[in-house]
Amino acid sequence: MLGLFGKLIDSNEREVNKLKPLIEKINQLEKKVSKLTPSQLRGKFAEFQGRLKKGESLDELLPEVFACVREASLRVNKERHFDVQLLAAITLHQGKIAEQRTGEGKTLSASPALFLNAIAGNGVHLVTVNDYLAKRDAGWMGPIYFCLGASCAAIVHEEAFVYDPKFKDPKHSDPRLQHLKPISRQEAYRADITYGTNNEFGFDYLRDNMVLRLADKVQRGHFFTVVDEVDSILIDEARTPLIISAPAQEPTEKYKQFSKIIDTLSSETDFVIDEKLRTANLTEHGVVKIEKMLGVDNLYERDFSTLHHLEEALKAKALFQKDRDYVVKDGQVIIVDEFTGRLMPGRRYSEGLHQAIEAKEGVEIQQESQTLATVSFQNYFRMYEKLAGMTGTAVTEAEEFHKIYKLDVVVVPTNKPMVRIDHPDTVYKTQTAKYTAVANLVSELYQNGQPVLVGTTSIEKNEFLSELLKRKGISHALLNAKNHEKEAEIISKAGEKGAVTVATNMAGRGVDIKLGKGVDKVGGLYVIGTERHESRRIDNQLRGRSGRQGDLGASRFFVSLEDDLMRIFGGDQVARVMGFLKMSEDTPIEHGMVSKALEGAQKKVESRNFDIRKSTVEYDDVMNQQRQIIYGLRDQILEVGNSRENNLKDLIWEKIQNEVTIIVDVLAEGEIDLKKIVQDYSAIVPLDETSQKDLQKKLEEFKSTGEIREFLINLSRDFYQQKENQVSSEVMRQMESFVYLNTIDTLWVEHLDTIDDLRAGIGLRGYAGRDPLVEYKREAFDLFEKLVAQIDYEVVHRIYKFSLQGQVSQPAPVDLSRAVEIHEEALDEDAMIENTGELISALDKEDRSGQTKVTIERNGEIVDEKIYGERGQLNKAHGKIGRNDPCYCGSGKKYKKCHYPN
């Protein structure tokens, strides 16, 4: 093992040594660049862009560009890049992860790499963990880019800013936030360098693929990005996909009923909890009790929905704790980030779990949501042509970074030697003894004037420790991570003499703690961890708050055998030793065996979490391919619709011809069924009964299927042209685009729902000896093929029926040389043309009189054929009904939410 570790160190050293000649080149240019006038420096961005167009590469420009960025930083911010910061910047430019110790200046390190890649003119992004850091860093680094002639913007929740030295916002006392001028989101993405959070970039990507006009897109591609705190964003948050959803029409009263039922259950007899796997399951006794309460013979035969919601209510009761997993604030359940301890307003648990927690806490229950668009962080960030990252802790996850993102990790040397003292862990038998020891140590350090930063793993423990310190009369700052800007201010003062700060482990991540006057004489900042986190990286991040830039400092972790990590994953052995030695509760133990047990427990959890993330990305890769095809089709439609030379008419007309051809050819095999041909044709071009009879008589005059096909195609063209004449060519082009996009969006939402159901149950295939992932890929592919065929079918069947509000709403008999239309309630003209975001419109409410046959054909063969009733429902006699099909009873609900499975 030591040999392997030695090889890793040697490999890293070789990588660093390769970059040293480049650092020397940059340093040699420093004197020359320092003589540039402000106007010469300001023209550098345009000059470098000109040189790039003439054939120089970014790598060739790198030494001079980096020298200019260093000079600009020195002039405007009085901060000169250290050589190790330039080394980190080169690593970022090469598309790798630069691991820099906390306090080594990652924000400044990123600026040369961002400026260099911005020269290509495609826009570069820096992704960070919260809105405050995005704004602060843009305002901090903005003067450097402005000095060199480049623009810098920031994107935060529902706001966007550009750095403008002429603008001044008096609301902010921090000078780094004073020169950020509000602009539109689109303008922010047009800036040369854009700072923002992972959530905002991801959601903007999804929203861009829901717009109805090309002009409404805000992003302009994915060229180069630097992900700050890369381990937090690409690993810790990678299990949670980004989802844009809309409320579904689900009754909320049922959640209260299920919650009351679960409240009557006993943990001793009615359900079992597995804390390792975070699962809760009903026992046989519990199932019988619920069956009696509901008055059913067999709970598992009742219906899928009841069972599902009971399971979610059980999870809410047994696994999710208030002030650990969530808080209740202003009558809402707000999720707490398990890694940072921060609140995440706006995020909700899926599958009815959030509603179950709301019912448990007695707050207003919000409706379940329907997914409109979704993407995982893994697949969003893998879209960038070049991806780079920086953090203080990446080496422990180097394997995952390489396997999932093809990112290598380079450990950047510190500017000054690290002198922090990391004390061994101190283990106590109980949590009471542990917290008493923590309070005593804090008191002792407080008396000496040494600043202390105490990290806790939850808000609940954070407040408990605060109460202990109050009883001891210790003045302290309590940080629950509820306000990023305030959080940064509190954390930045944690290094002042006599300061005691109690915070969640990751609070203030990205904020530098500078030591106050005289603190070095009392030993620097002392960091205390009150519990080992399940990830070693989080512990290292907390420890790294002390000892920046060669400062003095110390760290120690306090652990108890009652802590979740030790209790669930490996404290038995240590507990037996303490029991055997008859050690009292307040006697600590420091032993190699303890450290080994802790490390082993953390490795177990890290390994499990890696498997979960790996599984997430494997399954999402399937959806990602489909997402790219659908979003590519949308882009194609938007571009064609935006072009004066081309329009969607030709594309739609081709599909109409294909559909008419299929109708005639299928129904002309053997004896020609003219009546059925007319009926199916009328599902495309709506004809009243009189017109249908006239058309059938006309078709009787033709002797071959070719003549029938040609006549119907010509008739369809005439109807289409008549419709265009009625509304004008310009409006018709808008209608074509709207119908096509709306059809894609509506069916894509249905597809996402179907895929979610498939994903939820596919694991059961493993019991039959089949690989669930292989099964999922196969079935997802089949579903996607049906989706593509269904999009074509729906576009053809909607285009003749779609109209502007106020027109005639009933079919009328007409001469066969003219088209017949069914007008239905839709958007008015202005709204239709100007609309940019409404996806689910009245378009879906088609009035299908009689019955409609839906045929899906592939490779010349009919693979699926269904008969739908008046409300779009499948007739029960048809046979098997899909869970997402309209219910046969005509309620308009999906089958799975109505009569399934009875």
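Helices (H or I, at least four residues) and strands (E, at least two) are DSSP runs, numbered from the N terminus. By that count, the protein chain here has 31 helices and 25 strands. It's a predicted model, so local features need pLDDT of at least 70 and side-chain atom pairs count only at pLDDT 80 or more, while totals for chains, interfaces and linings use all residues. Residues are numbered from 1 along each chain as its sequence is written, and side-chain values use heavy atoms, with hydrogens and water left out.

Let's start with the whole chain. Of its 902 residues, 53% are buried, where buried means under 20% relative accessible area, exposed over 50%, and partly exposed in between (1.4 Å probe, protein chains only). Now for contacts, meaning heavy atoms within 4.5 Å: among those between residues at least 6 apart in sequence, 71% join residues at least 24 apart.

Next, zoom in on helix H27, residues 689–699, where Ser691, Leu695 and Leu699 are buried. Looking down the axis of H27, these buried residues fall within an arc of 75°, so they line one face of the helix; the arc is that of the directions from the helix axis to the C-beta atoms. Their cover includes helix H26 (674–684) and helix H28 (705–727). Turned away from that buried side is a face with the exposed residues Glu689, Lys693 and Lys697.

Finally, hop over to glutamate 200, in helix H9 (residues 198–208). Glutamate 200 counts as buried because its relative accessibility is 7%. Leaving out residues up to four places away in sequence, glutamate 200 touches Ile155, Val156, His157, Glu158, Arg185, Tyr189 and Arg207.
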